[in-house]
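Trainee: I have a model open on my screen and I'd like to go through it with you. Can we take it one chain at a time?

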Amino acid sequence: MTQYSVSVHITPRKGILDPQGKAVEGALHSLGFEKVRDVHVGRYIVVETDARNEQEALASVQTMCERLLANPVTEDFEIESAAER
Amino acid sequence: MKFGIVTFPGSNCDYDAYRAVVDSFGEEAVYIWHKDHDLQDSDVIILPGGFSYGDYLRPGAIARFSPVMQEVIGHARRGAPVLGICNGFQIACEAGLLPGALLRNESLQFVSAPVTLRVENADSIFTSAYEKGQLLTVPIAHGDGRYTADAATLETLESSDRILFRYTDEAGKLSPSANPNGSMNAIAGIVSAEGNVLGMMPHPERALDSKLGSADGRALFESVLERVAA
């Protein structure tokens with residue numbers, strides 16, 4: 001078994017109203033960042049897990065996302081990396 | 001009739017629900033700790049409001065894995081009534097007992113206020129003591145009440161009359177300003193396909209006495225008492 005650190009990005013699904021993102025976008029505009037077109041606020045989760053190999057670590061985090069970490073109705077997720085520790 | 005009220009760590013409307021059942025209707029109620037597996041022969045399960053597990057991750061996301069939820073899901077699968085109020089609605093959605101999800105209010109504000117609801121379907125076990133189109137005043141108190149579902153789910157809810165309550169203005173008209181959280185189709189409460197699981201963001205258990213603002217929640221409990229006993 002090796003220890004892996006797996007990072008996941010969870011974001012509101014495109015097309016679903018994201019008032020938090022809109023509020024941040026408005027604040028950025030008032031700070032002078034007029035070129036900002038869109039902001040989405042999501043979550044970044046780091047899972048430290050034991051696994052036999054990277055593939056297994058990724059597969060188990062994939063299942064975690066589907067079952068708990070992301071809401072399948074409203075959120076998308078992307079597993080960024082699985083780094084050996 | 002016996003009501004089982006589930007207490008999760010962070011529930012804060014379990015006591016309101018208990019008092020509603022016992023004091024206002026003289027029925028029996030028991031608290032069920034979320035780690036228990038015994039529903040104590042309850043006829044109706046109430047998933048009360050609050051902030052189970054501090055709303056960590058998403059409201060209801062962790063509570064759904066509490067041991068008692070296996071039994072609550074079994075109770076629902078047997079066709080027995082489950083009433084999810086506020087956080088209970090969020091938990092019921094996370095547990096897959098109801099479709100959709102409750103997201104952060106469009107205003108990003110926690111809203112604690114009486115709102116107007118329109119009864120959309122008075123044939124359910126939860127609404128038979130109301131009239132279709134009746135307007136109710138019931139309080140809400142939530143920060144994550146924006147009902148959201150995909151287009152196909154909304155279509156199914158609409159065409160099968162599973163939306164029991166909608167937010168309207170005092171004249172019974174739909175309007176964005178009368179929708180306190182930005183819910184799709186102004187949805188305040190829905191039932192499962194079998195009609196035995198109700199999820200609603202407003203608090204009928206806090207609207208049982210006109211001296212305290214409104215008694216419009218009474219008919220919901222009366223409906224359950226009449227229809228479930230029958």
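This is a predicted model: local features need pLDDT of at least 70, side-chain atom pairs count only at pLDDT 80 or more; totals for chains, interfaces and linings use all residues.

Trainee: Which strands stand at the edges of the chain B sheet?

Mentor: The sheet is open, has nine strands and mixed pairing, and its order is β2-β1-β3-β4-β11-β10-β9-β6-β7 (chain B). An edge strand has a single partner, so one side of it is left without a neighbour in the sheet. That describes β2 (28-33) and β7 (135-142) of chain B.

Trainee: And how many degrees does the twist average from one strand to the next in that sheet?

Mentor: For the nine-stranded sheet of chain B, going from one strand to the next, the twist averages 25 degrees.

Trainee: How many residues of β9(B) are buried?

Mentor: Look at what flanks the strand: β6 of chain B (residues 111-119) joins β9(B) through four antiparallel bridges, with Leu117(B) opposite Tyr167(B). β10 of chain B (residues 187-191) also pairs with β9(B) in the antiparallel sense, over three bridges, and there Arg166(B) stands opposite Ile187(B). Strand β9 (residues 163-168) is largely enclosed by the rest of the structure, because the buried count is six of the six.

Trainee: Which strands of chain B does helix α3(B) lie across?

Mentor: Helix α3 takes in residues 87-94 of chain B, and runs at about 120 degrees to β4(B).

Trainee: What about Leu57(B): how many other C-beta atoms lie within 10 Å?

Mentor: Leu57(B) is also in the loop between β3 and α2 of chain B, and its phi is positive, near 70 degrees. Leu57(B) counts as partly exposed because the number of other C-beta atoms within 10 Å is 17.

Trainee: Over to chain A. Which strands are at the edges of its sheet?

Mentor: Three strands make an open antiparallel sheet there, in the order β2-β1-β3 (chain A). β1 (residues 2-12) pairs with β3(A) over nine bridges, and Val8(A) has Ile79(A) as its bridge partner. The strands that pair on one side only are β2 (43-51) and β3 (75-84) of chain A.

Trainee: Which residues of α2(A) are buried, and what do they pack against?

Mentor: Helix α2 (residues 54-69) lies across β1, β2 and β3 of chain A, at about 35 degrees to β1(A). The buried residues are Ala57(A), Val61(A), Cys65(A) and Leu69(A). They cover an arc of only 80 degrees around the axis, which puts them on the same side of α2(A). What they pack against is β1, β2 and β3 of chain A.

Trainee: Last one: which helix gives the most to the side of chain A that touches chain B?

Mentor: The contact takes nine residues from chain A and 11 residues from chain B. On the chain A side they divide into six nonpolar, three polar and no charged. With three residues, the top contributor on that side is helix α1 (residues 19-30) of chain A.

Methods: Residues are numbered from 1 along each chain as its sequence is written. Chains are lettered from A and ligands numbered from 1 in the order in which they are written. Two strands pair if DSSP finds at least two bridges between them. Helices (H or I, at least four residues) and strands (E, at least two) are DSSP runs, numbered from the N terminus. Two residues are in contact if their C-beta atoms, placed from the backbone, lie within 7 Å. Axes are lines fitted to C-alpha atoms, for helices over the stretch in contact, and angles run from 0 to 180 degrees between N-to-C directions. A residue is buried if 20 or more other C-beta atoms lie within 10 Å of its own, exposed if 12 or fewer, and partly exposed in between; C-beta atoms are placed from the backbone. The arc is that of the directions from the helix axis to the C-beta atoms. Ala, Val, Leu, Ile, Met, Phe, Trp, Tyr, Cys and Pro count as nonpolar, Asp, Glu, Lys and Arg as charged, and the others, Gly among them, as polar.
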